[in-house]
Amino acid sequence: MISMICAVANDGVIGNKNQLPWPHLPSDMKWFSKQTKGNVVVMGRKTWHSLGSVKPLPNRINVVVSRQTQITGANAVITDNVNQNILNLQQEYPSRDIFIIGGAQLYRSTKSIIKNFYITRIYSDYPGDTYLDIEVLLEGTKMLQQKAIEASEKHPEHAFQIFQKVI
Ligand SMILES: NC(=O)c1ccc[n+]([C@@H]2O[C@H](COP(=O)([O-])OP(=O)(O)OC[C@H]3O[C@@H](n4cnc5c(N)ncnc54)[C@H](OP(=O)(O)O)[C@@H]3O)[C@@H](O)[C@H]2O)c1
């Protein structure tokens with residue numbers, strides 16, 4: 001099963017200057033780790049660089065999508081036939097789930113193969129330069145689960161949602 005995981009703020013903002021647009025949000029980091037640890041994470045080259053000088057996410061198989069063939073530190077690189085090669089990861093790693101972890105370019109181009117959508121909604125405004133139309137991405141899905149977290153002085157209101165494709 002191919003899943004995607006993404007945090008999105010008001011107006012679809014997901015990135016700024018190749019970083020997350022919001023201040024550190026520990027609950028979201030915990031949620032991200034819980035879903036992806038032990039699994040395969042697939043990311044675009046810009047997201048890979050945003051991890052901080054080519055540092056793979058620990059305890060995960062790190063797969064980078066790029067037309068460049070050499071990406072130092074990644075477990076594997078997908079250079080072409082992106083969706084088919086991501087689907088093939090399921091046979092290569094049968095005991096692991098496959099998570100598309102961004103960014104916007106990769107989420108958009110893999111929409112047709114994603115079955116589960118793990119979305120963190122952050123109900124606040126941030127400046128951004130990378131946007132995702134999450135409602136378009138979620139067309140043809142149903143919500144399976146939602147956990148809302150009220151705002152506090154430490155963090156804005158946010159919610160963890162899981163959707164599944166139904167058509
Ligand atoms: N809020 C979140 O949950 C979240 C998650 C992840 C990232 N982000 C943010 O999103 C921003 C980066 O997103 P982005 O959209 O600019 O870049 P991206 O999707 O991370 O990376 C784009 C690059 O990946 C490769 N690529 C992606 N899709 C491809 C495809 N279908 N075929 C071939 N190559 C493909 C290309 O690399 P080459 O140019 O090397 O060929 C492309 O230039 C950053 O600000 C990051 O912090 C946010």
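Where is the place of Asp11? Asp11 sits in the loop between S1 and S2, where helices (H or I, at least four residues) and strands (E, at least two) are DSSP runs numbered from the N terminus. This is a predicted model: local features need pLDDT of at least 70, side-chain atom pairs count only at pLDDT 80 or more, and totals for chains, interfaces and linings use all residues. Residues are numbered from 1 along each chain as its sequence is written.

## Overall build

The chain's secondary structure comes to 5 helices and 10 strands. Its radius of gyration is 15 Å, close to the 15 Å that the globule rule gives for 167 residues, so the chain is as compact as a globular protein of that length. For that comparison the radius is taken over C-alpha atoms, and the rule is 2.2 Å times the number of residues to the power 0.38. Along the principal axes, the C-alpha trace spans about 45 × 40 × 25 Å.

As for burial, 31% of the 167 residues count as buried. Here a residue is buried if 20 or more other C-beta atoms lie within 10 Å of its own, exposed if 12 or fewer, and partly exposed in between, with C-beta atoms placed from the backbone. Take the contacts in the chain with a separation of 6 or more, and residues 24 or more positions apart account for 65% of them. A contact means that the C-beta atoms of two residues, placed from the backbone, lie within 7 Å.

## The core and strand S1

In soluble globular proteins, nonpolar side chains tend to be buried together. In this model the largest nonpolar core has 36 residues, and Met4, Cys6, Val42, Phe99 and Ile100 have the most contacts inside it. The elements giving two or more residues to this core include S1 (2-9), S3 (40-44), S6 (98-100), helix H4 (104-109) and S7 (116-122). S1 gives the most, with 7 residues. A nonpolar core, by the way, is a set of buried Ala, Val, Leu, Ile, Met, Phe, Trp, Tyr and Cys residues joined through C-beta atoms within 7 Å.

S1 is largely enclosed by the rest of the structure, because 7 of its 8 residues are buried. It runs parallel to S7, with 7 bridges joining the two, and Met4 stands opposite Phe117 in S7. S1 also pairs with S6 in the parallel sense, over 3 bridges, and Ile2 has Ile98 as its bridge partner in S6. Two strands count as paired if DSSP finds at least two bridges between them.

Phe99 is worth a click too. Not counting residues up to four places away in sequence, Phe99 touches Ser3, Met4 and Ile5, among others, as well as Gln35, Thr36, Asn39, Val40, Val41 and Val42.

## Around the ligand

There are 26 residues around the ligand, and Gly15, Gly44, Arg67, Gly102 and Gly103 come nearest. A residue is near a molecule or strand if its C-beta atom, placed from the backbone, lies within 6 Å of it. The shell divides into 10 nonpolar, 13 polar and 3 charged residues; Ala, Val, Leu, Ile, Met, Phe, Trp, Tyr, Cys and Pro count as nonpolar, Asp, Glu, Lys and Arg as charged, and the others, Gly among them, as polar. S1, S2, S3, helix H2 (45-50) and H4 each supply at least two residues of this shell.

The peptide bond from Gly102 to Gly103 is cis, with omega near 0 degrees. Gly103 is in the loop between S6 and H4, and its C-alpha atom is separated by 8.6 Å from that of Arg45, 58 residues apart along the chain.

Arg45 itself is in helix H2. With 18 other C-beta atoms within 10 Å, Arg45 is partly exposed. Leaving aside neighbours within four places in sequence, Arg45 is in contact with Val64, Val65, Ser66, Gln68 and Ile71. Ile71 lies in the loop between S4 and S5 (76-78) and is buried, with 20 other C-beta atoms within 10 Å. The C-alpha atoms of Ile71 and Arg45 are separated by 8.5 Å.

## Positive phi

| Residue | Phi | C-beta neighbours inside 10 Å |
|---|---|---|
| Asp11 | near 65 degrees | 9, exposed |
| Asn81 | about 45 degrees | 10, exposed |

Asn81 is found in the loop between S5 and helix H3 (82-92), and its phi is positive although it is not a glycine.
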